[in-house]
Amino acid sequence: MKPNLFRTRISEEGLKTTRQREEVLNVFLNSSGHKSLAQIYAQVVKTNPKIGYTTVYRTLKLLTRLGLATQRKFADGEARYEPASEGSHHDHLICLDCGKIIEFEDPTLETLQNGIAQRHRFKISHHRMELYGRCEECNRKKRTGRRKS
């Protein structure tokens, strides 16, 4: 997503582009993965300590409302944000031990889901797949820990 798209969408809503919103957007777009409000705020404060927690919260809510960010809540219930990617879709593998989130895309899986929907004459508007378990590193630690006992 480009900052120009943000400016366009925000003006369409009759809102103003402020320096603070731009700074939050910049940090958000340059962070990787799925960041919580607290994590984004911590990064924003490094660039501008005068920006408050509430400003970051409201800006993330605005980005979500404008379709520029996606809010995710995984099993732990904490809201995380990622930039919305137009026209593409990905799913998530979530480690229950360390919290690592792995994004994946699988065209075969998407085709299967669309086929199921067609068979049931169901029109999909969107979907979310989250698979929970243990990542490779946590599995390795668990196996190593058992051997030492």
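Me: Where do helix 2 and helix 4 sit relative to each other, by axis distance and crossing angle?
Reply: The axes of helix 2 (residues 19-29) and helix 4 (residues 53-65) cross at roughly 70° and come within 10 Å. Helix 2 is therefore roughly perpendicular to helix 4, a label for angles of 65 to 115 degrees, with under 35 roughly parallel, over 145 roughly antiparallel and the rest oblique. Axes are lines fitted to C-alpha atoms, for helices over the stretch in contact, and angles run from 0 to 180 degrees between N-to-C directions.

Me: Which residues make that contact?
Reply: Helix 2 brings Q20, R21, V24, L25 and F28, and helix 4 brings T55, V56, T59, L60, L62 and L63. Contact means heavy atoms within 4.5 Å. By class there are seven nonpolar, three polar and one charged residues. Ala, Val, Leu, Ile, Met, Phe, Trp, Tyr, Cys and Pro count as nonpolar, Asp, Glu, Lys and Arg as charged, and the others, Gly among them, as polar.

Me: Before going on, what kind of model is this?
Reply: It is a predicted model, in which local features need pLDDT of at least 70 and side-chain atom pairs count only at pLDDT 80 or more, while totals for chains, interfaces and linings use all residues. Residues are numbered from 1 along each chain as its sequence is written, and side-chain values use heavy atoms, with hydrogens and water left out.

Me: How many residues are in the largest nonpolar core?
Reply: That core has 19 residues, and those with the most contacts inside it are F28, I40, V44, V56, L60 and L63. A nonpolar core is a set of buried Ala, Val, Leu, Ile, Met, Phe, Trp, Tyr and Cys residues joined through side-chain atoms within 4.5 Å. Buried is under 20% relative accessible area, exposed over 50%, partly exposed in between (1.4 Å probe, protein chains only).

Me: Which elements supply the core?
Reply: Helix 1 (3-12), helix 2, helix 3 (37-47), helix 4 and strand 3 each supply at least two residues. Helices (H or I, at least four residues) and strands (E, at least two) are DSSP runs, numbered from the N terminus.

Me: How many bridges join strand 4 to strand 5?
Reply: Four, with strand 4 (residues 91-95) antiparallel to strand 5. Four bridges also join strand 4 to strand 6, but in parallel. H92 has E103 as its bridge partner in strand 5 and stands opposite E130 in strand 6.

Me: Is strand 4 mostly covered or exposed?
Reply: Mostly covered: four of its five residues are buried.

Me: What is the phi of R121?
Reply: R121 has a positive phi of about 50°, although it is not a glycine. R121 lies in the loop between helix 5 (107-119) and strand 6, and counts as exposed because its relative accessibility is 80%.

Conventions:
Pairing = 2+ DSSP bridges.
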